[in-house]
Amino acid sequence: MFQFQSSMDCLLTTAGLPLFLVDIVLDVLAAVEFYKEGSYLCLGVLLVLLIGSSVLVQLYSWLWYSYDQFEMRTRVEESAKPGLGVLHWVQLGIYVRCVQSSSTASVQQELYVTRGRTSVYTAAFLNQDLSMLRIIETFSESAPQIVLMLTDFLHALQTIGSLSAVAYCVTTYHRCLRSFLPEKEEQSILSSLVFFTWNLLLLAARIVALALFASVFPCFIFTHFVCSWLLFCYFAWWADTHFMDTVGGEWLYRATVGLIWYFDWFNVVDGKTRTWAILYHCWILLDVSVLCGLWFWKMSWDPPDFELSRRQAAVVWGAVVAGYALGLVLRIVYYTCFHPKLNKDELRGGSAKITSTGPSRPPLCNKRMKKLAENFYSSSADGAEV
């Protein structure tokens, strides 16, 4: 039996547009602060992050519209269709998706009564695409922006805002994947707490390690990123992903996966991925330890203007590494005790349902997000998404 989104799901979806607007305000405030302080290099890096992330998200949005043959599923899309290309060129296409997703989520129960299941599945389809776009934006803008702000020790407001955006993105993405479960039950508070805690611990430790290294070796952080990104892109190509509908789009996706892997694990292949995940986290744990170790070494013989003893620096080093290790422990607890594991055909929109006929057949299935849900929930996979 089809189940509606929970009240929490609808609240998170409806809040998407206001939070996006708040994020823009915080970005502007950060740029102004860098300008006032004369940190023109940081200002330039921030602008590159903001513009690059926006272009990347708009490109994905446009490609997905083209893959769907520009089928407009809501009144908002229909009204924006004549100028859809222009909206994406001026970096406003993503906000069309935000508005339509918020509007459909707020009236989902009414849609089910007046128009049947099709409209409710449409609302889920739109929200699933938007959640993936937010993941892309988070790891191409918010996560690097936090590293930049921690490196420059900027005011806490912008840093907290970016961390909140990351937490919100992980929340909505995970709950969107749960919409593919055959019987979508409310996620327990304890399960949610463990899930978000290990994600935030891993992300925080990784971002702090990068920020510490960048604060003492600002030039080498770019070399570190490029080398790591190229390595991750190679493994994404070796994994032979099949997410996009065109060759060019698939290469763009693999490059994006390489960017996400620089900060956190993201399951992109079907089948047993436990070995992949173990190797990845061992590599990142080693990388975090080395980055913090180099920072400690630099702080020992050439400390900055502010006073920080050798013992305090050692405590910071140990705390960051311990934070990542604790996140891995909680991750194991989550996947052992709380994570549902199913076969592909048990997911809503699985092959068994797609080939069947009758009124129980789902009228609409987001094949892109369904593929990620298969990787996340399949009993043959490790399931370790972001």
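UniProt, in an unreviewed entry, places the feature "transmembrane region" at residues 40–65, 193–213, 220–239, 251–269, 276–297 and 317–338. UniProt positions follow the numbering used here, feature names are shortened, and annotations may be inferred rather than shown by experiment. Residues are numbered from 1 along each chain as its sequence is written. The model is predicted, and local features need pLDDT of at least 70, side-chain atom pairs count only at pLDDT 80 or more, totals for chains, interfaces and linings use all residues, and side-chain values use heavy atoms, with hydrogens and water left out.

Two of the annotated spans may be described further. Residues 40–65 are 100% helix and 0% strand, with end C-alpha atoms 37 Å apart. Residues 276–297 are likewise 100% helix and 0% strand, and there the end C-alpha atoms lie 31 Å apart. Helices (H or I, at least four residues) and strands (E, at least two) are DSSP runs, numbered from the N terminus.

How confident is the predictor? The mean pLDDT (the predictor's confidence in each residue, from 0 to 100) of the protein chain is 78, and 72% of its residues reach 70 or more. Over residues 106–116 the pLDDT is below 50, and this stretch has 16 contacts (heavy atoms within 4.5 Å) beyond near neighbours in sequence in the model. Residues 350–362 also have pLDDT below 50, with 15 such contacts.

I turn to pockets and cavities. On a 1 Å grid over the protein atoms alone, a cavity is a set of points where a 1.4 Å probe fits but cannot get out, and a pocket is an open set with protein on both sides within 12 Å along at least five of seven lines; lining residues have an atom within 4 Å of a point. Grid points are joined across faces, edges and corners, and a volume is the space filled by probe spheres set on the points.

The second largest pocket has a volume of about 340 Å³. Of its 18 lining residues, Ile 24, Ser 54, Tyr 95, Glu 137 and Glu 141 are the closest to its centre. Which helix gives the most to this lining? Helix 3 does, with six residues.

The structure also holds two cavities of 30 Å³ or more. The second largest cavity, of about 40 Å³, is lined by residues including His 242, Tyr 253 and Lys 371. Helix 16 (residues 367–377) provides the largest share of that lining, three residues.
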